[in-house]
Every structure is written in structure tokens, then in C-alpha cells.
Amino acid sequence: MALHRKLAALMALKPDVAVLSECASPERLAERLSASALACEPVWIGANRDKGLAVLAFNGYRARLADDVYRKSLRFIAPVRIEGPLRFNLLAVWAQNFSDGIRRKRQPGPLRLALTRDYGAFLHEGPAIVAGDFNNNLFWDRPGYLVNHAHTVMLLESYGLVSAYHHARGEAQGSESEPTLYWRDRRKEGPTYHIDYIFMPRTWVADIREMTVGRFEDWCATGFSDHVPLVVDVAAIRSAV
């Protein structure tokens, strides 16, 4: 939240495309930022103008909500078409699981519904990325629950998508050494979890130049957020369309 206070820190990452949870609407941001400060037209979905899901594009990239396939019933899952030097489809995620009442075994959760029911064709149109706050990890998986993170990983792999972090670090799902969430107390010693992900085409991972996880000192200790950014830098993609 309060992107107007954190915009300089975001821009210091020099993003081409950024997925932001708990982001104010473009109209709300316009009230708090100068006309030229954001330098892009965000894609934004949500009902609370102070707290939605946004996709920002810079450096010659443009983001456009795929209105032809967008399903409002999945409140914070946004199908976005990215155009620019590299064209791809982006499924931006801020998954509401436990906070949205997903507590029973047979409740699939929004991301599973997105992958199995609503956005399969969108992800098959061409190169695709699924990225954002999944609010999930193998750590919380329980036998038989449809919302389990292991199911999500298998579904994403069926689309030919792999986690940039796990590929770059050589770590297994559920055994992450670098957290993306410093939950509740915002203290370095915890509790901490890895719940933010970038799943990208398996054919692209050889072109990853750098994969970084933000430092606690830069993002949490400063009061910016209880999350730190997950950033992947990819070289020119030979398989781009």
C-alpha cells in the first residue's frame, strides 16, 4: 500500500514490468503523485480504491487488461497482455486463500480456478508468465486439499512454466532459503515465508541473467512493506514472438 511513498524505491529496480499487490487505483495515485511521476498507464483491478492489484509497464513496454477473457469473479487475478520489445501474456496474481474463506478440502482457491477453469486458453496463446503473491507454500500443504501449493506448481508445469527463483537457486519448493514475506512482526528473525513467485516458460530460463530477492534492510526495516521484491532479469529471448 501507499505506493506514492515507495515509488522511488520501485523505480530504482528499473522494472520493465511490475506486479503490485495492495496497490491504490490509478485515480487514487493521481491524487497523490504528479502527472509525470508514474510515467505509465497501470492496469488495475479491485473494489477498494486504496487496495487492489496493479501491473505497471515501463521502458517501451505496455500493459493492457485482456478484457475479452477477464473474469471479475476471481477478484485479484488479472490476465494482462504485455506488448513491447517482448510480447507475452501475464497472469498477475494476488491470491486470496485463507483470508477469502478457503478452509475446506474441496475449495480450490482462486489461482487453481484460474489455471483449470478460466485462463487456460489465455496461457496457451503464446509465451506466458504467472507472477505475484500466491499466499502459499508447500509448508502449509495438507493431504487432500485442492488449494495445496504442490497442485499449483504441477498445474503451472503442465503449461511449461517453472519458477524463476527455484531454477536460479537450485532449491526445491518448500525449501527456500530466502523469504519474500516477513510476516506480522516484520522482524528479520521471523516469522518468514516464501510466498511470491515468478513462473516463466521453461524455454526462457537459460536466458535468466540475474534473479534477486530484496533485502530485509531495504524494504521491511524501512517500513515500506512486509514483503520484499522478487526480480528476474532475462536476456533477449530467442523464442520471443
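The dialogue below goes through a predicted model and the grounds for several of the labels applied to it.

Student: What makes the radius of gyration of the protein agree with that of a compact globule?

Tutor: A compact globule of 241 residues would have a radius of gyration near 18 Å, and the protein has 17 Å, so the two agree. The C-alpha atoms fill a box of roughly 50 × 45 × 35 Å along the principal axes. Seven helices and 13 strands are found in the protein.

Student: How many of the contacts join residues at least 24 apart in sequence?

Tutor: The share is 64%, counted among contacts between residues at least 6 apart. As for burial, 51% of the 241 residues are buried. The protein exposes about 12,000 Å², and carbon and sulfur atoms supply 50% of that area.

Student: Why is Gln173 called buried?

Tutor: Buried means under 20% relative accessible area. Gln173 has 18%, so the label applies. This residue lies in the loop between α6 (164-169) and β9 (181-182). Beyond four places in sequence, Gln173 touches Leu138, His149, Val153, Ser163, His166, Tyr197 and Phe199.

Student: What makes the pair Gln173 and His166 a polar contact?

Tutor: The cut-off for a pair of N or O atoms is 3.5 Å. The side chains of Gln173 and His166 are joined at 3.2 Å, which is within that limit, so the pair counts.

Student: Which residues is Glu176 in contact with, leaving aside neighbours within four places in sequence?

Tutor: They are Asn137, Tyr165, His166, Glu171 and His194. With Asn137, the side chain of Glu176 makes a polar contact of 3.2 Å. The Glu176 side chain also reaches the backbone nitrogen of Gly174 at 2.9 Å. From C-alpha to C-alpha, Glu176 and His166 are 7.9 Å apart, and 10 residues separate them in sequence.

Student: Which residues of helix α1 are buried?

Tutor: In α1 (residues 3-12) they are Leu3, Lys6, Leu7, Ala9 and Leu10. These buried residues pack against β1 (17-23), α2 (26-32), β3 (51-57) and α7 (216-219). After α1 comes Lys14, with a positive phi near 55 degrees.

Student: Why is Ala39 called exposed?

Tutor: Exposed means over 50% relative accessible area. Ala39 has 61%, so it is exposed. The residue sits in the loop between α2 and β2 (43-48). Its phi is positive, about 60 degrees, although Ala39 is not a glycine.

Student: How do you know that Arg184 counts as exposed?

Tutor: The relative accessibility of Arg184 is 56%, which is over 50%, so the residue counts as exposed. Arg184 is placed in the loop between β9 and β10. Phi of Arg184 is positive, near 65 degrees, in a residue other than glycine.

Student: What kind of peptide bond joins Gly190 and Pro191?

Tutor: It is a cis bond, with omega about 0 degrees. Pro191 is in the loop between β9 and β10 (192-193).

How values were computed: Residues numbered from 1 in each chain as written. Predicted model: local features only at pLDDT ≥ 70, side-chain atom pairs only at ≥ 80, totals over all residues. Heavy atoms only, no water. Helix = DSSP H or I, 4+ residues; strand = E, 2+ residues; numbered from the N terminus. Rg over C-alpha atoms; globule rule 2.2 N^0.38 Å. Buried < 20%, exposed > 50% of the residue type's maximum accessible area, 1.4 Å probe, protein only. Contact = heavy atoms within 4.5 Å. Areas by Shrake-Rupley, 256 points an atom, 1.4 Å probe, with all protein chains shown as cover. Polar contact = N/O pair within 3.5 Å; in protein donor to acceptor, adjacent residues only side chain to side chain.
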